[in-house]
Amino acid sequence: MQEQLVQEITRLVIAQLGNTEVVNSENVIPIGISARHVHLTREHVEILFGKGYELNKKKELMGGQYAAQECVTLVGTKLRAIENVRILGPERKSSQVEVSQTDAIRLGIKAPIRESGNIKGSAPIAIVGPMGAVYLEEGCIVAKRHIHMSPEDAARFGVEDGQIVKIKIANDRGGIFEGVQIRVDKTFTLEMHIDTDEANGLGVGKEMGILIK
């Protein structure tokens, strides 16, 4: 069933491109839209939810991560807030907030475009939970668009961890995402991640991307 779906998507992509690109199942990448979310340290989980509190899993994600049932409120420098922001587990060594550029404007902050985990010098943000609040002097970023791959996928595509590629979107709006970073790990499932702004800009829903090195 999955193989038939890939073949049908490939056929549609070829038709939309007018056969100007060489397209097959070997260079088609599924796209996932990543909404705003928060990663927390153990210390910050306890400040926000109480001493000894453990996050509750809502949905398993790739790489051992999961969407938690718990949500928090983000507060920007001008006291502008966004409520019901999902926490992703497990806990990390440093707390981090990932938003879209539209979210950053709404919060009144200047969040830089960064790879996840690279928060040095990033935007300040406050996180409010039911039992307390945490202020991060740095930690809020707009996530750099990227593609998760297993080592086997990377070998098949002929790319390496950290390599920058382009992804073509073949739909009614169309366009190319440049500066897409390859991220390789044995726990990853093949998928490109973009934020809601990027998805809305090119009308991406359930489209597949075409890898261009």
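1. Helices and strands in this note are DSSP runs numbered from the N terminus, with at least four residues (H or I) for a helix and at least two (E) for a strand. P90 sits in the loop between β5 and β6 (96-98). A cis peptide bond links G89 to P90, with omega about 0°. As a rule, most peptide bonds are trans, and most residues other than glycine have a negative phi.

2. The model is predicted, so to speak of a local feature requires pLDDT of at least 70, side-chain atom pairs count only at pLDDT 80 or more, and totals for chains, interfaces and linings use all residues. Residues are numbered from 1 along each chain as its sequence is written, and side-chain values use heavy atoms, with hydrogens and water left out.

3. Two residues other than glycine have a positive phi and deserve a look. L79, in the loop between β4 and β5, has a phi near 60°. N84 belongs to strand β5, and its phi is about 55°. Are L79 and N84 buried or exposed? L79 is exposed, at 72% relative accessible area, and N84 is exposed too, at 62%. The classes are: buried under 20% relative accessible area, exposed over 50%, partly exposed in between, with a 1.4 Å probe and protein chains only.

4. A closed barrel of 6 strands runs in the order β1-β13-β10-β12-β11-β14, and its pairing is mixed. From one strand to the next the twist averages 40°. For such angles, axes are lines fitted to C-alpha atoms (for helices, over the stretch in contact), and values run from 0 to 180 degrees between N-to-C directions. Two strands are taken to pair if DSSP finds at least two bridges between them.

5. β1 and strand β14 (residues 208-212) are antiparallel and joined by 3 bridges, with P30 opposite M208. β14 also runs antiparallel to β11, over 4 bridges; here K168 faces I210 of β14. Strand β11 (residues 164-169) in turn pairs with strand β12 (residues 175-184) through 5 antiparallel bridges, and V165 is opposite V180. β11 and β12 make a hairpin with 5 residues between them, and G174 in the turn has a positive phi of about 65°.

6. A further set of pairings involves β4, β8 and β9. Strand β4 (residues 66-75) and strand β8 (residues 123-128) are antiparallel, with 3 bridges; T73 has V128 as its bridge partner in β8. β8 pairs with strand β9 (residues 133-143) over 5 bridges, again antiparallel, and I125 stands opposite L136 of β9. β8 and β9 form a hairpin, with 4 residues between them.

7. How many disulfides does the structure hold? A search of the whole structure finds 0, where a disulfide is a pair of cysteine sulfur atoms within 2.5 Å. Of the cysteines, C71 is partly exposed at 25% relative accessible area, whereas C140 is buried at 0%.

8. The largest pocket has a volume of about 720 Å³. On a 1 Å grid over the protein atoms alone, a pocket is an open set of points with protein on both sides within 12 Å along at least five of seven lines, while a cavity is a set where a 1.4 Å probe fits but cannot get out; lining residues have an atom within 4 Å of a point. Grid points are joined across faces, edges and corners, and a volume is the space filled by probe spheres set on the points.

9. Which residues lie nearest the centre of the largest pocket? They are S34, H37, L61, L88 and H193, out of 32 lining residues. Elements giving two or more residues to this lining include β1 (28-34), β5 (81-89) and α5 (196-201). β13 supplies the largest share, 4 residues. The lining divides into 9 nonpolar, 10 polar and 13 charged residues. In this count Ala, Val, Leu, Ile, Met, Phe, Trp, Tyr, Cys and Pro are nonpolar, Asp, Glu, Lys and Arg are charged, and the others, Gly among them, are polar.

10. The whole structure contains 1 cavity of 30 Å³ or more. The largest cavity holds about 30 Å³ of space. R114, E115, S116, A143, K144, H146, Q181 and R183 line the largest cavity, and this lining divides into 1 nonpolar, 3 polar and 4 charged residues.
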